[in-house]
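Colleague: Could you take me through this model and set each term against its definition as we go?

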Amino acid sequence: MTDHRLWAREAIRIIEADFQRSADTHLIPLPLPGFADVDLYFKDESSHPTGSLKHRLARSLFLYALCNGWLRPGAPVIEASSGSTAISEAYFARLLGLPFIAVVPASTSQEKITQIAFYGGQSHLVDDPTQIYAESERLARESGGHFMDQFTYAERATDWRANNNIAESIYSQMRFERHPEPSWLISSPGTGGTTATLGRYVRYRQHTTRVLCADAERSVFFDSYKSGDRSLQLDCGSRIEGIGRPRVEASFLPHVIDAMVKVPDALSLAAMHYLAKRLGRRVGGSSGTNLIGALIAARQMRTAGEAGSIVAILCDGGDRYATSYYDQDWLTKQGYQLQEVIEAVTACVERGEALPETILCEGI
């Protein structure tokens, strides 16, 4: 066996040992007083060792790269990211003793930059968010490293049939609930990999569950889903960190999604603040987006006379956004006045009232 094969074998053992030391993430019920026949749960991915849903993805990407022979001892790992995937990849790179460089938009929260550094990674800031891909390729080429490219490989690196993926975990945890087979699974798109896993799994296991993808305001995923045009592009990045993209990523698979909504950023942030208050701890902006998606699904179920359950993804914790989404001065400077919007979210959850009509919907 070659030295490289021996190194890769040991690297895989290290990653698998780390996995065995980690417990599954929690499934948290969130009562909806305005929807008596609908049970809502949040899959709390913030309890991973690196604090977000992207821990699962980073592990899968490293195993995929190792089994493909793409990683080498001492060679840098480079990733384009809005921050959370980079944090998780820095963690796994440190486990394997590999240098790690995160190529992130300059607008990325300082808390995320600090966490990347905590795990031994470097942050390479890019002013134009649309250039993180090209800059990552350049760094990999010049350093002799490997560009992990989560946006291409997320959907194929994850074992969507089993291996305790997020979908399998949800169904296992739901088996003793009042409605064990969810009517809807709700996820926002970053790479598109999570919705791909959810959509493939429910088809593979022959569930009747539908998958709703809740997109951010400054993103092309919803418009591509509606039009079928994968060439759409924006010249700016999403304001909800971790989700929404300026181009249609390769891992976004529209045919495994049953419905999509496009949520205004102010509504995502208002829902984030409401959810944080209900849970007693901070959550990220993408979790607010997912709450809005869940409420739209709940209203659809009530209109159709359906009783059942909904599971949404709680993507990460909110401490990463202490100086942005949870800072009133920052919100004011960005033009966000959230109090009335938070009241609208509260009225929907507590009394089942309609959300603002600015939400775009397709398939629901």
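Colleague: Which residue does Glu79 stand opposite in β4?

Modeller: Glu79 stands opposite Ala102 in β4. This is a predicted model, in which local features need pLDDT of at least 70, side-chain atom pairs count only at pLDDT 80 or more, and totals for chains, interfaces and linings use all residues. Residues are numbered from 1 along each chain as its sequence is written, and side-chain values use heavy atoms, with hydrogens and water left out.

Colleague: Why are β3 and β4 said to pair?

Modeller: Strands pair if DSSP finds at least two bridges between them, and strand β3 (residues 77–80) has four bridges with β4, in the parallel sense. Strands here are DSSP runs of E, at least two residues, and helices are runs of H or I, at least four residues, numbered from the N terminus.

Colleague: What makes the crossover from β3 to β4 right-handed?

Modeller: The chain goes from β3 through helix α3 (residues 84–96) to β4, and this β-α-β crossover is right-handed, which means that, with the strands pointing away from the viewer, the path from the first strand over the helix to the second runs clockwise.

Colleague: Why is β4 called largely enclosed?

Modeller: Buried means under 20% relative accessible area, exposed over 50%, and partly exposed in between (1.4 Å probe, protein chains only). Six of the six residues of β4 (residues 100–105) are buried, so the strand is largely enclosed by the rest of the structure.

Colleague: Which strand do five bridges join to β4?

Modeller: That is strand β5 (residues 122–126), which runs parallel to β4, with Val103 opposite His124 in β5.
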